[in-house]
Structures are given as C-alpha cells and as structure tokens.
Amino acid sequence: MNTDKTISGAEAMLQALLAEGVDTVFAYPGGSIIKVFDALYGHRTDLRQILVRHEQGATHAAQGYARVSGRTGVAIVTSGPGATNTVTGISDAMLDSTPIVVIAGQVSTDALGTDAFQEIDLVGVTQPITKWSYQIRSAEDIAWAVARAFYIAGSGRPGPVVLDFTKTAQMQQIEFKPAKIDYIRSYIPVPDPIEDQINAAVNLIDSSRKPLVLVGHGVELGHAEKELTEFIEKADIPAARTLLGLSALPSDHRLNMGMLGMHGNLAPNVKTNECDVLIAVGMRFDDRVTGTLSTYARQAKIIHLDIDKSEFGKNVKPDVTVLGDCRQTLRLLTERMSKSSHREWIESFKPLDKEEYDKVIDIAVNPKDGPLKMGEVVTEVSRQSPPDSVLVTDVGLNQMSASRYFKYRVPRSIVTSGGLGTMGFCMPAAIGATFGAPERMVLAFFGDGGFQMNIQELGTIMENGAAVKMILLNNNYLGNVRMWQQMMFDNRLSCTHMMNPDYCKIAAAYDIPYALVTDRAQLKDAVRQMISVKGPFILEAAVLEEENIMPMIKPGNSVDKMIFSI
Amino acid sequence: MIVHSENIAGILNQVTAVFTRRQVNIESLNVSASSIPGIHRYTITAIADHETIMKIVDQIEKKVDVLQCQYFTDDEIFMQEVALYKVVTSVLTENPEMSKIIRRYGAKLIEVNSTFSVIEKTGPTNDIIALNKELSKLGGLLQYVSSGRVAITRARIEHVNEYLEKMETRYGNN
Ligand SMILES: Cc1ncc(C[n+]2csc(CCOP(=O)(O)OP(=O)(O)O)c2C)c(N)n1
Ligand SMILES: [Mg+2]
C-alpha cells in the first residue's frame with residue numbers, strides 16, 4: 001500500500017491549477033498526456049472538464065472564457081498534432097492580449113530530440129507567439145512553472161503561455177506544495193506612472209480645443225472603464241473605440257462617437273485627421289485602424305497611454321507617452337487636468353454621422369424590400385437580447401456587420417478575433433464564453449465560411465448544453481474575400497462562392513433547435529424564439545448574397561477617405 | 001547593444017528572432033557570463049538607424065527573462081575583438097614581410113610548429129580586418145576567425161546593477 005505523501009507530477013499539475021483558482025479546463029486527450037487525464041478523472045467534481053472536438057477549439061474556448069471573465073483560460077492537449085493544433089489559438093491570444101495557459105503533453109525526457117512518436121519542439125514553435133514557453137522536464141519544476149505561467153499570462157499586458165509537460169515529469173512521484181509567484185526580477189508587468197509624462201499629457205490636454213480619445217482593448221484589460229468615463233466626461237472629450245475596445249464605453253454614452261478603422265464609422269475616422277490632440281488609450285495603432293500611416297493624424301499632437309513600452313512609436317510616433325496601467329494613469333490625468341467643454345467640436349461629428357446614416361446605415365439596417373441584410377438581423381438580435389449579452393463574432397463581413405450594429409451596454413461584451421482575424425474562432429470562443437460568464441446570454445454571429453471552420457464544436461455544444469445562440473448570416477460566399485475581388489480584382493470571383501450544406505439537418509444531427517429566416521417578416525419571431533429557448537439555438541438567416549459592408553477605408557488609403565460603395 | 005538576461009535556455013533564439021523580424025542583420029554576437037552570477041550578457045553589433053534600433057531594444061526588453069537591453073553608439077563604449085589567424089609555417093619563415101606585419105599590428109604568435117602557426121590579434125575591428133587582408137595577400141592563410149565585438153560601457157554607473165538594486169528594494173521581501 002502506498003502510504004507516502006507523494007503524488008504524481010500529473011496530479012501535482014492539477015493541484016497547481018486548482019491552487020491558481022482554475023475552475024474549468026478545455027481539453028483533448030492523447031498518449032503523451034494520458035497520465036494527466038487519468039488524474040483529471042479523480043477531479044471530476046472540483047474541476048470542470050470540457051472535452052472539445054479539436055485542439056484549436058480548446059484554445060479558442062480558453063480565449064472566450066478569459067475574455068469575458070478576465071481570468072486565465074486553460075487548455076490541455078496532447079503532444080505532436082495536439083500541440084500543433086493549438087498554434088492558431090495561441091497566436092490569436094498573443095495578438096489580442098488574451099491570458100491563456102496551454103498545457104501540452106510531451107514525450108519523455110530520454111526521447112527528446114529523437115523524433116520520437118508525436119514529438120515536436122513545441123517550445124521552439126511557440127516561443128515567438130507566446131509571452132513565455134517552457135518545458136517541464138522534472139516534476140520538481142511543476143509548482144514553480146505553473147505559478148510563473150499564471151503570473152505571466154495574467155499580469156501586465158496579458159498573453160498566452162505554453163507549458164510543454166514531459167511524460168517524465170508527469171510520472172515522477174513528488175511531495176507537492178503549490179507555489180505563488182508575484183515577482184520576477186526581469187519582468188515589470190505594471191510600470192509606475194512617470195510624473196513628467198503625466199504632466200506633459202495634462203498640459204497638452206488642457207490646451208487642446210479639438211481633442212479625440214481612442215479607446216482600445218487595454219481599457220478593459222486594465223478594468224479602467226470607470227476611469228475612462230470620468231476622464232472623458234471631465235474634459236468633455238469625444239471618444240472612439242477600436243474593434244476590441246467596443247464595449248469599454250457603452251454605445252449610448254453621450255461622448256461615444258463610434259468605431260474606428262477600416263469598417264468603422266465615418267465621423268471618428270474623419271475626425272482623426274482633424275483633431276488637434278489625439279489621446280490613444282490602450283490601443284496599438286493597428287493598420288486596420290490607421291489606414292496609411294503617412295497621412296494618419298499628421299496635424300495632431302499624439303498622446304499614447306500604454307502598459308507596454310514597446311508599443312510606443314511602433315507604428316505612430318507619439319509626442320507624449322504615458323507609460324503605465326491606464327487605470328492609474330487615467331486617474332492621474334483626470335485629477336490634474338482642468339474641467340473643460342468642447343461643445344462645438346462634439347457637435348461637428350453630427351453631420352458626418354448623419355451622412356453615414358443616410359448613405360449606408362439606414363439601407364443596411366432598415367431595408368424595406370429585397371433580401372434580408374446582415375445589419376437588420378444584428379440590430380434585431382441586439383434589440384431583443386438582454387442588455388448584458390455577450391457578442392461573439394467570427395471573421396468576415398458578418399464580423400464587421402455585427403460589431404458595427406450591436407449595442408454595447410456593459411464591459412466585456414465583445415469577443416472577436418481582431419489581430420489574427422481567425423475564421424473558425426467564433427464557435428469555440430462562444431462555448432468558452434458560456435463557461436466564463438454563465439449568467440450572460442452568448443450571441444455568436446457567423447458567416448457560412450467560418451461556421452464550417454470549427455463546425456465540429458457543435459458536438460461540444462450538444463454534449464454540454466452550452467447555451468450558445470448561433471446566428472448564421474448565410475450569404476453562400478466567403479463574402480469578405482468576394483467583396484475584395486469585386487473591388488480590386490474586377491469581380492473575378494475566384495474560390496469564393498460556396499455550396500452550403502443543409503444546416504437544418506446539421507442542427508438536427510446535433511439535436512440543436514433551429515430556425516431559418518428567409519423573409520424579413522419572419523425575423524422578429526425567429527429571434528424571439530431563439531432568445532426564449534433555453535440552451536443552444538441555430539438561427540440561419542439567408543442574407544443578401546452580394547451585400548458589401550460599408551463604409552470602408554480601402555487598403556492603402558487615408559482614414560478620412562472612406563468610401564460608401566464600390 | 002548589450003543585453004542582460006537570466007540564464008534560461010532559448011533566450012538567444014528569442015533575441016535574434018527580434019532582429020530577423022525587423023530585417024536587421026546582426027554583424028556580430030557574443031554571449032558570455034556577466035559580472036553578476038547567473039546572469040548572461042549578450043554583446044550584439046548591428047547597423048541600423050536610431051528608430052529601428054529603439055524598436056528592437058524595446059521588443060527584446062519585453063521578453064520576460066530579459067533583465068535589460070540597452071544600445072550604445074561606438075563612442076559610448078570600449079570595444080575590442082580577438083582574432084586568430086592560422087598560417088602555413090613555411091610562409092612565415094621564408095617571407096620576412098609576414099613577421100614585420102605581425103609586429104606592426106601588435107599581434108603575437110601563440111603556436112609555431114612545422115606545418116602551421118597561429119597568430120593572435122586583439123584590437124579594434126578595423127585592425128583585425130586589415131590584418132586579415134594583409135596576411136591573405138602574402139598567401140598561406142589557412143583559417144581566420146574573429147570573436148566579434150565585446151564591449152564595456154564608458155558610463156560611470158552600472159545600469160544592470162542599478163536595475164537589480166531597484167527591483168530588490170521595491171520587491172525585496174520576495
Ligand atoms: C483561417 C482563415 N482563413 C482565411 C481567412 C481569410 N478570410 C477572411 S474573411 C473570409 C471570408 C469569410 O467568409 P464567411 O465566413 O462566409 O463570412 P462572410 O464574410 O461571408 O460574412 C476569408 C476567407 C481568414 N481570415 N481566416
Ligand atoms: Mg459568407
């Protein structure tokens with residue numbers, strides 16, 4: 001009989017996860033992680049284990065979980081193909097600053113480097129796409145490595161961490177005590193605010209007559225929604241949000257001027273090139289936001305607030321940098337700056353809003369006849385759903401339509417793949433979101449392309465009764481690419497038209513309630529049905545096949561040159 | 001550029017990958033222990049404009065296990081390079097020019113045997129390259145290797161020590 005106090009490395013890993021407060025893991029088993037799954041069997045009551053249908057799904061689910069909850073998501077997979085299947089999700093988490101920890105099996109230490117069965121150099125593969133990637137070779141390392149992994153993933157600018165867990169370490173028996181790490185001497189996750197920078201920013205803001213704030217994902221990551229609101233209200237500054245920052249400021253806030261970027265709103269894009277001081281908060285001047293850099297906000301003094309020093313000047317050269325946690329730095333700015341009012345400047349956004357409404361929004365959202373449009377479906381869903389619903393999107397026209405027309409009422413309401421633009425992100429991310437925010441309704445918008453890119457996760461939804469409300473905006477096209485082909489390649493529609501399966505039968509196969517909307521008159525009732533049904537639902541909307549999303553900053557163009565049609 | 005990092009496998013890769021992504025060639029790279037136990041020191045020479053180098057510096061420093069990354073222009077550091085030249089001994093003995101060159105460059109012979117001899121030269125990069133040229137002109141140069149630059153800053157404060165002290169006082173009880 002085993003009377004000693006030792007446990008296996010595999011068990012130690014789970015105890016370490018529990019000590020970090022992990023309540024859910026998204027997992028897929030295999031030979032070199034089987035010992036961990038054996039240990040999971042003993043933790044069926046204190047650790048929720050969601051068996052996904054593909055390891056990419058595990059990583060996106062972990063992301064969805066993290067994005068809505070603010071806690072680090074966890075995926076457990078096997079070595080080799082299991083591990084390589086996580087690469088897309090890890091990259092996505094890196095670009096969108098999402099805290100996840102991926103634990104992958106690895107061959108035993110004596111087989112490392114021999115091209116053993118299902119051996120790949122995961123640390124080598126993932127080093128460029130993680131905050132930290134580490135191979136656990138001995139069980140003695142587990143406490144330290146797990147504590148360090150969670151500290152790194154969740155602190156500062158969050159991101160993915162990979163733990164490559166050798167069989168040797170899984171099998172070893174050790175006496176285990178979890179560790180806690182909140183300090184690494186080579187790592188400063190939250191730099192202290194710098195007095196001179198704060199004062200320089202205050203001076204610029206106080207002297208500005210036409211200031212504009214750009215709200216990024218960093219505001220939500222820093223839990224600084226309240227500080228942001230106080231800041232813009234005191235100085236009376238209009239604010240625009242990036243795709244990932246959309247829910248950091250409620251849609252109906254008086255100072256909210258809409259969305260930035262390629263398919264954002266007209267006014268904030270045009271005003272970017274008219275403002276005198278541009279205050280960027282927790283955003284990274286992605287090229288989808290800036291358009292051509294050489295003509296981007298040249299007239300403005302630029303203040304850049306970020307927690308990550310390497311973002312300063314990476315794309316846009318700031319005049320004043322404000323390093324630090326934006327919750328602290330915004331608070332300091334608000335304290336020190338004077339109260340002011342920019343009524344005329346704010347009013348000047350209105351004609352542009354009206355122009356956009358007349359030229360595109362009205363047509364997209366209130367069509368009187370013709371086929372259904374994406375915008376009206378999104379609007380109807382947003383109107384009927386509870387105010388704290390979470391919007392999850394896939395990638396493409398559906399994403400742009402959903403993000404433009406959804407109304408954001410509470411923080412952490414948008415989960416979308418911004419940096420990597422990963423088709424297939426939506427379904428698993430939405431599953432993760434149902435576990436990260438079980439009390440909120442999760443609304444998942446797809447195109448027909450992206451729906452099929454991780455369609456196997458319908459199995460996960462079925463098995464767990466995950467209450468994902470799936471809205472499939474079916475245009476029978478890889479619509480976003482079709483639009484570009486129309487616009488830039490003389491409408492030579494190469495490999496973008498797609499024959500679709502009968503989604504009704506697919507829904508039936510997974511025992512998920514389904515409704516098809518082909519006609520405008522059916523929309524309200526179908527949405528009502530979707531929302532009132534408990535559990536998952538698929539609402540397929542047969543939308544106008546050749547609809548384009550407008551307005552648009554064409555690639556290579558300036559932010560203030562938005563077009564309204566092709 | 002001088003980088004200090006923890007002694008953890010894989011950092012070299014991460015550091016060089018930043019240069020590759022930014023399309024800047026590394027002219028020379030030296031990795032060694034530093035004056036602080038357990039901390040590695042990388043001396044990297046590269047040619048790029050100030051802005052590009054600053055972006056590289058920030059991206060390297062962002063790596064979790066990198067303590068500090070700083071860049072210096074030539075006038076801010078003392079730098080040296082060591083080179084070894086392997087020559088055919090008969091050329092050395094038969095051509096008096098070669099001994100003259102060795103003396104002129106302040107190089108020294110560290111091995112002489114019947115087949116080959118080894119010349120060592122420590123000095124600035126330019127001298128090392130020039131010596132290589134002169135020796136190859138005479139013929140009989142079998143091998144040439146140089147260490148790449150190693151450098152010491154001229155500053156009166158030691159930045160890494162200062163950084164570590166700051167971290168210690170701030171988070172000392174950890
Ligand atoms: C994994 C992946 N492959 C390819 C692309 C390129 N891409 C971007 S949008 C798009 C079309 C998406 O089609 P669909 O899902 O039907 O959405 P729609 O644009 O029609 O709404 C493609 C192929 C991508 N973003 N991600
Ligand atoms: Mg489509």
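Two strands count as paired if DSSP finds at least two bridges between them. Keep that handy for these exercises, and remember that the model is predicted.

**Exercise 1.** Work out the order of the six strands in the open sheet of chain A, and find its edge strands.

*Solution.* Step one: follow the pairing from strand to strand, and you get the order 11-10-9-12-13-14, with parallel pairing. Step two: look for strands that pair on one side only; these are strand 11 (256–259) and strand 14 (320–323) of chain A. Ignoring direction, neighbouring strands here are turned by 20 degrees against each other on average.

**Exercise 2.** Zoom in on strands 9 and 12 of chain A: how many bridges join them?

*Solution.* Start with strand 9 (residues 211–215) and strand 12 (residues 277–281) of chain A: five bridges join the two, and they run parallel. Now pick out one pair: Leu212(A) has Leu278(A) as its bridge partner in strand 12.

**Exercise 3.** Find the protein donors of the magnesium ion (ligand 2), then decide: is Asp448(A) buried or exposed?

*Solution.* Along the chain they follow the spacing D-x26-N-x1-Y. Asp448(A) sits in helix 20 and Tyr477(A) in a loop, 29 residues apart. Next, apply the cut-off: buried means under 20% relative accessible area. Asp448(A) has 0% relative accessibility, so it counts as buried. Tyr477(A), at 9%, counts as buried too.

Terms used: Residues are numbered from 1 along each chain as its sequence is written. Chains are lettered from A and ligands numbered from 1 in the order in which they are written. This is a predicted model: local features need pLDDT of at least 70, side-chain atom pairs count only at pLDDT 80 or more; totals for chains, interfaces and linings use all residues. Side-chain values use heavy atoms; hydrogens and water are left out. Donors are N, O and S atoms within 2.8 Å of the metal (3.2 Å for Na, K and Ca); water is not among the atoms, so sites may look incomplete. Helices (H or I, at least four residues) and strands (E, at least two) are DSSP runs, numbered from the N terminus. Buried means under 20% relative accessible area, exposed over 50%, partly exposed in between (1.4 Å probe, protein chains only). Axes are lines fitted to C-alpha atoms, for helices over the stretch in contact, and angles run from 0 to 180 degrees between N-to-C directions.
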